[in-house]
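Biologist: Please show me the two-chain model, and let us then go through it by question and answer.

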Amino acid sequence: MSMLRLDSITRRFGGLVALENVSLEIQTSGITAIIGPNGAGKTTLFNIISGFNTPSAGRVLFGDDDITGIAPELIARRGLIRTFQLVQLFDELSVLENVKVGRHLHTRGGLLMAFLPRLAARREAEVEAAAQALLRQTGLADRACVPASALPYGQKRLLEIARALAAEPKLLLLDEPAAGLNREETLRLAELLRAVAAAGTAVLLIEHDMTLVMNVAAQIAVLDFGRLIANGTPAEVRQNPDVIAAYLGQAEAALA
Amino acid sequence: MNSLTSTWAKRGSNPVLLAVWGLASALVVYVLIRGGYLMSVLQIAAIYTVFVTGLNIFMGYTGQVSFGHNAFAAVSGYTSAVLTATYNWEPLPAAAVGLGGVLLCALIIGYPTLRLRGHYLAMATLAIGLIAYDVAVEWGSVTQGYMGISGIPPIGIGRWTVASDRGILVLLIIVAAIGMFAAAGIRRSRLGRAFVAIAGSENAARALGIDVSHYKLVAFLISAFYAGVAGSLFVHAIGFVSPEVFGLHMVVLAFTMLYIGGIGTFVGPALGALIVTLLPESFRTFNEYQDLAYGAVLILILIYAPGGVASLPKLLSSSSRRKPA
């Protein structure tokens with residue numbers, strides 16, 4: 001059974017067809033990458049999967065459930081957690097608190113718990129421990145008390161991933177996680193993604209950094225002008241003439 | 001290890017803030033012993049501390065905006081006043097009915113208006129405050145219009161009442177302190193984290209499974225409850241209510257206190273309430289230039305401490321850290 005299935009997704013913005021008849025299956029484990037030139041419709045597809053946008057036609061199936069057009073917070077509750085292309089941190093909060101917010105779905109308690117700190121203490125200790133563990137895993141442990149806004153860009157990206165992991169996703173959607181990272185940071189990110197996938201979380205990422213994609217992805221889907229033009233293993237995609245023309249060919253032309 | 005507790009401990013042990021707290025408590029003790037006119041000034045400051053602490057939960061923590069919380073103070077204030085002065089109810093059950101009414105009103109108002117954002121939410125809430133004022137003026141048979149209601153009994157149970165100015169001030173300070181620590185408890189809890197997440201980024205909050213519209217409504221209800229408590233306290237402490245008491249002036253004062261004190265902080269509302277109620281009094285000697293001096297000080301505070309007085313310690317420590325480098 002697949003974890004996520006896109007069934008003939010089409011999205012039109014006025015006269016512009018951002019996505020046309022995209023069908024795709026994501027396995028229950030491993031890392032899948034969606035690549036494609038700018039404007040190919042990758043982020044639109046992510047927004048549709050995560051509920052921030054609705055398709056003009058087609059269905060999104062998560063496990064056995066049809067989640068097409070459901071509110072983002074309800075999709076998150078089912079275990080599908082995303083990050084954003086432009087990092088969306090809670091800037092004023094500390095690094096640690098950002099990750100703690102990520103535990104929201106796995107904790108309980110409202111107003112009553114706020115007034116009974118003793119009762120809440122054990123749960124808070126668990127939240128704290130889980131958040132600290134994620135900070136260690138992402139190498140941010142020594143920045144725990146710094147406001148998120150004070151982090152350098154690369155660490156902001158890592159923090160957003162740590163925060164998403166705090167929600168214990170079944171499927172993690174990452175929108176260009178390597179954008180703005182230097183070589184060393186990208187290598188660390190690849191390591192982190194492999195560890196996440198090895199721990200049983202399926203990962204779907206949009207990425208421009210081909211070294212990262214070829215390095216970590218087991219499956220690659222290629223979008224071009226809103227159409228899925230290829231889908232397969234890295235080796236298959238690399239040899240696909242359509243892909244070379246649409247994507248890699250373009251890059252070569254730019255280099256020349 | 002426990003940065004959550006340590007950030008609070010750090011804030012508490014900051015020498016600048018400790019000095020401010022020391023000064024504030026010295027003032028309160030002095031006024032309690034000395035008595036006189038300043039007593040009623042501090043009573044107003046304590047009542048506004050409750051009001052602004054509630055507003056801080058909605059505006060500071062959750063990042064929303066409301067120009068209409070005076071409406072909630074008016075609902076419970078007038079309920080308290082009418083039930084006790086006209087129908088001879090006991091103050092506590094009257095206030096309880098008033099607070100129930102406040103929560104009901106906040107639910108009915110909040111559900112549709114919280115779909116609005118930014119300026120639109122501001123406009124809608126402003127309208128609610130103006131409507132409350134007009135109702136208080138026009139519904140003469142109950143509210144006695146511009147005349148207002150006087151002879152409202154002080155807070156108490158049965159024969160035991162808090163009637164002396166000193167007693168009222170102590171009671172108000174206790175309620176204000178409870179309100180502040182309850183707000184701090186909320187901020188540190190899962191609920192408070194959901195609030196501040198919404199203020200940080202609604203999209204990111206939703207992507208983590210936080211039901212944004214639900215938590216906005218909860219924040220709105222909590223802050224309306226604080227406003228209601230402030231409203232009831234006011235009429236019982238002063239013994240009089242008129243539409244002007246809960247008019248637009250209340251909103252302007254509360255906003256000034258929130259921003260002067262420090263929006264989103266624990267001590268901000270109390271500091272703001274103290275400063276904004278005491279400043280005009282301390283410029284009495286300037287006679288006709290009193291308002292000018294008051295305005296100038298407010299502007300100076302906002303220029304040199306844009307985060308409010310509560311942000312001063314952080315400001316000072318970061319500038320002293322920069323110097324040696």
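**Contacts, strands and domains**

Modeller: The contact draws on 34 residues of chain A and 25 residues of chain B, where two residues are in contact if their C-beta atoms, placed from the backbone, lie within 7 Å. This is a predicted model, in which local features need pLDDT of at least 70, side-chain atom pairs count only at pLDDT 80 or more, and totals for chains, interfaces and linings use all residues. Residues are numbered from 1 along each chain as its sequence is written, and chains are lettered from A and ligands numbered from 1 in the order in which they are written.

Biologist: Which element gives the most to the side of chain B that touches chain A?

Modeller: The elements giving two or more residues to that side are α1 (3-13), α8 (165-188), α9 (190-200) and α10 (202-207) of chain B. Helices (H or I, at least four residues) and strands (E, at least two) are DSSP runs, numbered from the N terminus. With eight residues, the element that gives the most is α9(B).

Biologist: How do the residues of the side of chain B that touches chain A divide by class?

Modeller: Ala, Val, Leu, Ile, Met, Phe, Trp, Tyr, Cys and Pro count as nonpolar, Asp, Glu, Lys and Arg as charged, and the others, Gly among them, as polar. On this basis the side of chain B that touches chain A has eleven nonpolar, ten polar and four charged residues.

Biologist: What distance does α8(B) reach from its first C-alpha to its last?

Modeller: The expected span of a helix is 1.5 Å times one less than its number of residues. For α8(B), with 24 residues, 34 Å is expected, and the helix comes close to that, reaching 35 Å.

Biologist: Is N88(B) buried or exposed?

Modeller: N88(B) is in the loop between α4 (70-86) and α5 (91-113) of chain B, and has a positive phi of about 60 degrees although it is not a glycine. A residue is buried if 20 or more other C-beta atoms, placed from the backbone, lie within 10 Å of its own, exposed if 12 or fewer, and partly exposed in between. Because N88(B) has 9 C-beta neighbours inside 10 Å, it counts as exposed.

Biologist: In β8(A), which residue is the bridge partner of D175(A)?

Modeller: Two strands pair if DSSP finds at least two bridges between them. β7(A) pairs in the parallel sense with strand β8 (residues 202-206) of chain A over five bridges. The partner of D175(A) in β8(A) is I206(A).

Biologist: Which residue stands opposite L172(A) in β7(A)?

Modeller: Strand β6 (residues 80-82) of chain A also pairs with β7(A) in the parallel sense, over three bridges. Opposite L172(A) stands I81(A).

Biologist: Which element gives the most to the side of domain 1 of chain A that touches domain 2 of chain A?

Modeller: The domain bounds, which come from an automatic or database domain assignment, are domain 1 (1-80 + 178-216) and domain 2 (97-168) of chain A. Nine residues of domain 1 of chain A are in contact with nine residues of domain 2 of chain A. On the side of domain 1, α2 (72-77) and α7 of chain A each supply at least two residues. The most, four residues, comes from α7(A).
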